[in-house]
Structures are given as C-alpha cells and as structure tokens.
Amino acid sequence: MAKVFIYPGTSLILSDLVSRFGHRPLGSALSVREKVQTAGLDSPPLQITSEDPKKGLRFAAVEVPSGVRGRMSLFGPQIEEADAGIIIQDADLAFGCMGCARTNELVRFLLHRRGIPILELTYPHSDEEGVRFVAAIREFLSSLAGGASA
Amino acid sequence: MTGKAGAGGGPARPGVQPGTATKYVFVDSPELTAADLALRGYELAPGVQIKETCFGLMITGPEAEIERLVEELRLLDPDRIFVKDRGFPPGDERRCRANLGGARPGFYGHEHEMRLVRYISSGLRALRDPKKADLLRAKPKHHDEPLSVERLNTIIQES
C-alpha cells in the first residue's frame with residue numbers, strides 16, 4: 001500500500017478512488033484529524049499554535065505569510081511522506097474558503113520537486129472523460145507497490 | 001487536562017479520541033437513499049456513531065470498525081457510493097454549521113464534486129465492461145496543452 005498525496009487535499013473523488021484501488025490517500029482530513037485529536041491547552045479549539053508556522057519554515061521562506069507557513073505545517077510533512085501524488089489541475093474549489101492559492105502553488109511545486117510519480121488530470125465533464133479519468137488513475141495506482149485492482 | 005477531556009479543553013466527544021476516525025459516505029444512486037445506508041450501517045456496526053445527512057452518512061468510531069463498515073456499505077452500490085476521511089467528528093462545534101452559521105467550509109467542494117461523480121460512476125462501471133476496453137486504454141485529454149512546434153510546422157506547411 002503506497003501513500004498517495006492528493007491535490008486538492010479535500011477531494012472526495014480522489015480520496016475515494018485512491019482508497020478503492022488499495023492505497024492510502026494523504027489529504028487535509030488526516031492532518032486536521034491529528035490536530036483535533038491531540039489534546040492540548042496551548043491554543044484551543046483548533047490547536048494551531050505559534051509553533052506551526054515555524055514548522056512551515058521548512059517548506060516556505062520566512063517572508064511568506066504565516067497563513068501559508070501554517071498550512072504548509074499540515075501539508076509539508078505529508079508531501080515528504082508521500083510515495084506518489086495525484087493532481088487535479090482545474091480544481092478551482094481549492095481556492096477561496098477552502099484554501100490559499102499561494103499554498104496550492106507551493107504544494108504542487110514541492111510535489112514535482114520531490115521526483116515521485118505524479119499523475120496530473122482534469123475533472124471529467126462527460127461519461128467518456130469519466131471513463132478515461134478512472135482508467136488513468138487505476139493504471140497509475142496499479143503501477144505503485146501494493147496496488148490492487150478494483 | 002484529564003484523559004476524559006476532549007481536545008481543546010471541552011467535554012469528551014466521540015471522535016476526538018486518538019484511534020477513532022470519521023468518514024463521509026456519499027451516495028448518488030437512484031436505488032439507494034441515505035436512510036437505507038444508515039439502517040444498514042446500524043445493522044452492521046451498532047457501536048459506531050452514524051449521522052444521516054442529505055448526501056449520505058457521517059460515521060465515527062474506532063478506525064478498524066469504520067474501515068470494515070465502509071467495505072460493507074460499499075457493497076450496496078459499489079459504483080455510486082463514495083467515501084472520504086473527515087478531520088472533525090460530526091456535530092463538532094468547531095466546524096458544525098449549527099453553531100457557526102452559513103455553509104460549512106468544505107460544502108462548496110463537495111457540491112462541486114457531487115455534480116461530477118456520475119461520470120466517475122460511469123468510469124467505474126466501464127472497468128468491468130469489455131466493450132469499453134479501447135476507451136480505457138485512451139489517455140485523458142489535456143485541453144490546455146500548448147501547441148507543439150512540430151505540430152505548428154505541420155499546420156504551416158499544409159496551409
């Protein structure tokens with residue numbers, strides 16, 4: 001079972017397909033869950049402390065806004081941990097109340113820089129595109145160690 | 001902080017203890033409703049907290065139990081049930097819109113993707129359909145791929 005970083009990290013479609021084909025999706029929910037389940041008194045209720053932007057310094061320079069560094073403290077370790085990545089290029093939903101455009105650019109850059117296998121796709125908008133989309137993901141995931149057929 | 005207190009100093013809530021997991025179960029099927037899923041869920045795993053929603057379920061419980069429940073629920077309609085992790089447990093006042101007002105952050109993402117899951121369902125069905133073998137081998141098109149120099153030369157020479 002490989003660890004596959006998904007972008008956008010909140011994607012239902014990617015999360016489902018990666019786990020369906022026998023791998024572990026690394027997305028926002030897992031890092032948020034870790035925060036939620038870690039008891040602490042520093043900064044309730046979300047447990048985001050001033051330490052988190054410091055952790056983000058490993059991935060973004062000090063002049064980068066603290067919001068980006070804070071987000072990178074969640075995504076950065078997952079990118080380092082990932083064995084592969086799947087990126088949806090036209091994921092407009094990853095910007096706005098869902099996330100930060102500069103963080104998204106940095107996440108995609110760091111994924112490419114790691115040199116792990118990356119699959120880049122766009123959302124399907126017809127049945128035919130859906131078939132190609134699922135087939136491409138299945139083929140990509142089956143090429144990773146421990147992949148299973150649907 | 002005592003062991004019984006949840007993260008953030010509040011009272012203990014299901015889903016915030018380490019080792020527990022919360023998952024969304026989305027259903028987009030004409031033959032299956034969220035209520036059907038919830039009933040089946042209670043039959044399969046009485047110890048798991050199940051919240052029925054308009055789109056499906058939110059299930060919270062020990063991680064191994066949740067994985068088992070998800071596998072069983074998927075069998076009801078494998079191509080039209082979609083599952084993803086959630087960070088917060090259901091009803092958590094840090095995220096629940098009952099406390100915050102307005103749409104929950106994340107709603108718009110789900111709304112966007114739920115319009116597209118019908119195509120994913122088609123793709124999953126096609127994996128078992130020998131007539132779609134050619135389509136399965138085809139690579140996804142990239143609409144915004146730049147025109148290659150070779151292709152541009154060919155167009156110029158042909159015109």
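What percentage of the 150 residues of chain A count as buried? In this predicted model, local features need pLDDT of at least 70 and side-chain atom pairs count only at pLDDT 80 or more, whereas totals for chains, interfaces and linings use all residues. Residues are numbered from 1 along each chain as its sequence is written, and chains are lettered from A in the order in which they are written.

**View 1. Chain A as a whole.** Of the 150 residues of chain A, 47% count as buried, a residue being buried if 20 or more other C-beta atoms, placed from the backbone, lie within 10 Å of its own. Chain A has six helices and four strands, taken as DSSP runs (H or I, at least four residues, for helices; E, at least two, for strands) numbered from the N terminus, and their order along the sequence is β-α-β-α-α-α-β-α-β-α.

**View 2. The largest nonpolar core.** This core, a set of buried Ala, Val, Leu, Ile, Met, Phe, Trp, Tyr and Cys residues joined through C-beta atoms within 7 Å, holds 60 residues, of which A:Val4, A:Phe5, A:Ile6, A:Val134 and B:Val25 touch the most other members. Helix H6 of chain A (residues 127-142) gives the most to this core, with seven residues.

**View 3. Surroundings of B:Val25.** Beyond its neighbours within four places in sequence, B:Val25 is in contact (C-beta atoms, placed from the backbone, within 7 Å) with residues including B:Leu37, B:Gly56, B:Val70 and B:Val83.

**View 4. Helix H5 of chain B.** This helix (residues 117-126) is mostly covered, with eight of its 10 residues buried, among them B:Val117, B:Tyr119, B:Gly123 and B:Ala126.

Notes
A residue is buried if 20 or more other C-beta atoms lie within 10 Å of its own, exposed if 12 or fewer, and partly exposed in between; C-beta atoms are placed from the backbone. Two residues are in contact if their C-beta atoms, placed from the backbone, lie within 7 Å.
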